[in-house]
Amino acid sequence: MKKYEAVFILDMRKVEDEGKAFSEEFAKNIQGWGGKVVETVPMGRRQFAREIRKRKAGIYWDYVFELDPLKAGEIREKYRLDERVVRLLTLIHDRPDSIPAGQKAILE
């Protein structure tokens with residue numbers, strides 16, 4: 001299983017309760033595909049720099065999950081035509097859990 005990160009921008013007009021029901025549905029889908037959700041971060045409402053499909057703001061949700069690489073493509077297929085989703089970005093999550101002491105000095 002590989003670790004992924006997905007960021008969803010939800011349409012405020014189509015989603016009630018700030019997207020909590022959508023978040024629960026997404027977690028159930030990941031579990032249904034044999035994966036597990038590691039972290040869910042509601043990022044709240046944010047204004048867009050430019051309008052997206054005549055919308056000026058959206059509700060952001062960030063998910064970190066583990067899933068089989070063959071099933072990762074199903075996320076885009078499932079939510080591509082969903083009216084609640086304005087944008088979707090899925091990435092391989094390769095952030096280090098901790099930074100070694102020698103590299104901390106380089107980053108500062």
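The model is predicted: local features need pLDDT of at least 70, side-chain atom pairs count only at pLDDT 80 or more, and totals for chains, interfaces and linings use all residues. Residues are numbered from 1 along each chain as its sequence is written, and side-chain values use heavy atoms, with hydrogens and water left out.

**Fold and surface**

The protein has 3 helices and 4 strands, arranged along the sequence as β-α-β-β-α-β-α. Among contacts with a separation of 6 or more, 75% join residues 24 or more positions apart; contact means heavy atoms within 4.5 Å.

The accessible surface is about 7,500 Å², and carbon and sulfur atoms hold 49% of that area. Areas come from the Shrake-Rupley method with a 1.4 Å probe, and for residues only the protein chains shown count as cover. Of the 108 residues, 34% are buried, where buried means under 20% relative accessible area, exposed over 50%, and partly exposed in between (1.4 Å probe, protein chains only).

**Nonpolar cores**

A nonpolar core is a set of buried Ala, Val, Leu, Ile, Met, Phe, Trp, Tyr and Cys residues joined through side-chain atoms within 4.5 Å. The largest one has 19 residues, and F8, L10, F26, F65, I75 and Y79 touch the most other members. Two or more residues each are given to this core by β1 (2–10), α1 (20–32), β3 (55–67), α2 (73–79) and β4 (85–92). Strand β3 supplies the largest share, 5 residues.

Leaving out residues up to four places away in sequence, F65 touches K2, K3, Y4, E5, A6, F26, I30, K36, V37, V38 and I75. A second, separate core of 5 residues includes F48, I52, Y60 and V86.

D11 is found in the loop between β1 and α1, while N29 lies in helix α1.

A polar atom of the D11 side chain lies 3.1 Å from the backbone nitrogen of R13. A polar contact is a pair of N or O atoms within 3.5 Å; within protein, one must be able to donate a hydrogen and the other to accept it, and residues adjacent in sequence count only if both atoms are side-chain atoms.
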